[in-house]
Amino acid sequence: MKITLKLFATFRDNRFKVAEREYADNATIGTILEELGISEPELGVALINGRHVVPTDALVDGATVSLFPKVGGG
Amino acid sequence: MGKIFRVNMTNLTCKVEDVPAELANLGGRAMTSSIVAAEVPPTCHPLGPNNKLVFAPGMLTGTPAANSGRMSAGAKSPLTGTIKESSAGGTSAQQFARMGIKAMIIEGQPKDDKWYRLHVTKDGVTFEDASDVKGKQNFAVIDAMNEKFGKKIGVVTIGVPGEERLAAANISVKDPDQKIRSHGRGGLGAVMGSKKVKCITIDDTGAGKVEIADPEKFRAAAKIFAKGMLDHPVTGEALPVYGTNVLINILNEAGGLPTQNFKYGACEHHDMVSGETMHDTIAKRGGKTKHGCHAGCIIQCSQEYVDEAGVYITSGFEYETVWGLGINCMIKELDDCARIDNAMDDIGIDSIEGAVLIAVAMEAGVIPWGDGKETLRVMNEEIGKCTPIGRILGNGTASVGQAFGLTRVPVVKNQGIPAYDPRSVKGIGITYATSTMGADHTAGYTIATNILKVGGYVDPLSKEGQVELSRNLQIGTTAFDSTGMCIFIAFPALDIPEVLPALVDMIAATQGTSLTVDEFMGMGASILKKEKAFNTAAGFTNEDDRLPEFFEYEPVAPHNALWDFTGAEIDEVWNF
């Protein structure tokens, strides 16, 4: 399935900002993390179509996935 | 022992008083709110002789505790009509603390038209003629005082909008780099102007060190505390690298980024003004990506933003300001936003209220959407010079909305709603509605848990758990605001179990008390209730603890979320 994958903050370093990517039907957020070499403790927030998800959550065809390291401000 | 300086502007006297027992171990917000609640008649006119402006360094300010150098200013707010506390970095807090000044209360009002500079030393306050700086904006005041006294002088100042008592006027504090930090929210600059105090100069000659009753206990706790700050990924890495503006992209992705005066929850050009872009721009141009607002800050979330030639434009360029200008006003050029930020520092307008009111002015057609150059002109030439239109704008978001007959006016208790949409980040809506300060994200920063997954996770789009989350954060924040600590210590405190006990141990060691975490939080709860009681006595009811109606009938994309809490549900915040 097709996923728009967006990376932010330090996750962009030596990777990319945004890319269209193909994943297998059973892929999860964890699949993407593994592929990118991002460990689970490094992950701050993962969103599918703007909703918070966890690494075991399945991807949905055509979705936008946004990945952030732990960030904060305010 | 500490002392209180009581400065009477009616008869131009300063009394040096002992700290009464009930205030002895307080600081920051606990100190300013206790004094305002005890001494200011809640129904008084905020600009009249019965209001009082109180400055108080935090409980830990002046000690070696990391990030403890912040000052609280408090009064009855001319913007909201409520009690107000607004905190700032800069140099004044540590100067006060080292001179043993636990609070300075400015009361009364001169009967004539003369303007004063208050000159503070460890022995008291003298009243100097301020005609040389009257009519000057903040950077010119700082330059003039530096020239007169040298760069070590502390300076607290208001610009022309403060002199003219506009409700969005802030109080500016010189920082270690001779630039400006602000007691931003709630129009405290107008209160200072109503007292005819143009500026305060602080000469800390002869100041000692802040006494610590149990140095060994303090050192042990301070070490644990600082380690927690450096170990936590937000305070140890994300904030120093990207600054607070790292939030633009995450709020955009989550659909909580108010866009074009709260019409939408996400913005197409978000990455043009994001923290990542700002970091890369500053790094490429040779500015400073790290910078602290006060000596002893180990987070360094601030920055110095420079132009293409490497020339300084602004510093302390925060997420809320960048959001307000770059997204909510649609000003796509980061350089334009930076110049407007600097102008707001110079004229002394709260950079949140200033940005939120400009978006409403754009909706009214006063300024074209996204026009950064015209916004800069309006800041300097209209608001900065207090022209008739400048006064309508400079009296805040609600003033603009009323003047132009608009309904999409994002305020609570007349204070502009900051950078998080309450329809799609519901916890922060509860904080906006119920805060004793009017709409204020820092009063109970549910973004941590709603969006950033710090301190657990509560789904931002569901109503469940939001009231409890906001209540707990408002109580904790009231306690934190009393310490002199930067609010960002909350990130490690929410995630690392050792941090909060270490903070409390530092306070106990400083004061020579046996303060516990429960007692510390209990102090937060009692101060919050004291503030609420002041507001009730000033005429506020639960019906004032509500968001503007448009949030209930204008759904916000991309989640098409509405504000859907009942009044009774909101009022549960006060059930403690």
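1. How many residue pairs are in polar contact between chain A and chain B? The count is 12, with both residues at pLDDT 80 or more; a polar contact here is a pair of N or O atoms within 3.5 Å, where, within protein, one must be able to donate a hydrogen and the other to accept it, and residues adjacent in sequence count only if both atoms are side-chain atoms.

2. A word on conventions: this is a predicted model, in which local features need pLDDT of at least 70 and side-chain atom pairs count only at pLDDT 80 or more, while totals for chains, interfaces and linings use all residues. Residues are numbered from 1 along each chain as its sequence is written, chains are lettered from A in the order written, and side-chain values use heavy atoms, leaving out hydrogens and water.

3. On the interface itself, 23 residues of chain A and 32 residues of chain B take part in the contact (heavy atoms within 4.5 Å). The two chains bury about 2,100 Å² between them, 59% of it on carbon and sulfur atoms (accessible area lost on being put together, 1.4 Å probe, summed over both). A:His52, A:Val71 and A:Gly74 supply 29% of the area that chain A buries against chain B, more than any other three residues.

4. Charges also deserve a look: four salt bridges cross the interface (a side-chain nitrogen of Lys or Arg within 4 Å of a carboxyl oxygen of Asp or Glu). One of them pairs A:Arg51 with B:Asp459, whose closest N and O atoms are 3.1 Å apart.

5. Finally, in chain B, B:Ser315 has 2% relative accessibility and so counts as buried (under 20% relative accessible area, 1.4 Å probe, protein chains only). The side chain of B:Ser315 makes a polar contact with that of B:Tyr312 at 2.8 Å.

How values were computed:
Buried < 20%, exposed > 50% of the residue type's maximum accessible area, 1.4 Å probe, protein only.
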